[in-house]
Amino acid sequence: MIRTNWHTHTSRCGHAVGTDEEYVETAIEAGLKTLGFSDHAPYRKPFPRQRMDFETYPEYKESVLALKEKYKDRIDIHLGMEVEFYESQWEDLKTYRKEMEYCILGQHSVYFEETSVYGIKDPRDLDLYTDMIEEGCRRGLCDYIAHPDVVMWAYPRIDDTVRTAAKRIAEIANRYRLPVELNCGSGVKYPKKQYEDGERWAYPTRVFFEEFARQKCPVIIGLDIHDPTLFLMDFFLDRALSVIEGLDCIILEDYDLVAAAAKRKKEFGFI
Ligand SMILES: [Zn+2]
Ligand SMILES: [Zn+2]
């Protein structure tokens, strides 16, 4: 059971269900005290699929802020966004960074609309994925690194390139004082997959968390909710936790991401 979740989507992205209010009501029912909405950042057309339309962005803000006010006595609601670092989209990303209370970095492609992380099998692309995360963090775009190991979806094996990526991401997180996320979304929602070196869930990936434990990177649990009813189930959370069982991970509970974001935005000149 967790009391804070910063990683919550809405139906605007096209692959989540339920109304915004259902997310709030169900989070309250599940005992959450803090609920951060972080829907996928929209881009101007042609935008990648599985994002809210660019035109929907103002309505997203209004809806979350209205719920924040309406439910203020029952739960702390915050307006955030799951962003990716794409140089070509930097102007819009800057706007989101300024206007959102916080941003999480969930890099789903290496380049805008190119080289999806769900198809990466080439070590060079894995290195590039890490480069993009590094650049996003260097520019102060985010307040935590969401599913840092999502790139393991299709990557066939745990090899030295993977170990290097895990080590680098841990170093990046520490350099910019960013927590990393233990993600409870798609990686554990689908059955275990067969890889060259055995069967496992796509992510979270233990080798990343061994490195996070070694380098003492604080970890935030992110439910990555795309369906409000999942707030009432610990099933995927338990699966994700089973991946890091026995590791000496520093799990942050009830971390004030918004306060950290305000400081960071100031430090990087976004406010
Ligand atoms: Zn999503
Ligand atoms: Zn997400």
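**Core contacts and helix packing**

Beyond its neighbours within four places in sequence, I145 is in contact with L105, I133, I169, A173, L178, V180 and E181. These contacts are taken from a predicted model. I145 is also among the residues with the most contacts inside the largest nonpolar core, together with L105 and C142. This core comprises 79 residues. Helix α5, spanning residues 160–175, gives the most to the core, contributing 7 residues.

Helix α3 (residues 90–99) has three buried residues, L93, Y96 and R97. They lie on the same side of α3 because the arc they cover around the axis is only 100 degrees. An α-helix has 3.6 residues a turn, so residues three or four places apart point the same way. The buried residues of α3 are covered by elements that include strand β3 (76–83), strand β4 (102–105) and helix α9 (257–267). E91 and K98 are exposed and sit on the face of α3 turned away from its buried side.

Two packed helices are described by the angle between their axes and the distance between the axes. For helix α1 (residues 20–29) and helix α2 (residues 57–70), the axes come within 10 Å and cross at roughly 35 degrees. The crossing of α1 and α2 is right-handed. In this contact, α1 supplies D20, E21 and V24, which meet S63, V64 and L67 of α2. By class, the residues of the contact between α1 and α2 are 3 nonpolar, 1 polar and 2 charged.

Conventions. Residues numbered from 1 in each chain as written. Chains lettered and ligands numbered in written order. Predicted model: local features only at pLDDT ≥ 70, side-chain atom pairs only at ≥ 80, totals over all residues. Axes fitted to C-alpha atoms, helices over the stretch in contact; angles between N-to-C directions. Helix = DSSP H or I, 4+ residues; strand = E, 2+ residues; numbered from the N terminus. Left-handed = near helix turned anticlockwise from the far one by under 90°. Contact = placed C-beta atoms within 7 Å. Nonpolar A, V, L, I, M, F, W, Y, C, P; charged D, E, K, R; others polar. Buried ≥ 20, exposed ≤ 12 C-beta atoms within 10 Å, placed from the backbone. Arc of directions from axis to C-beta. Core = buried A, V, L, I, M, F, W, Y, C linked by C-beta atoms within 7 Å.
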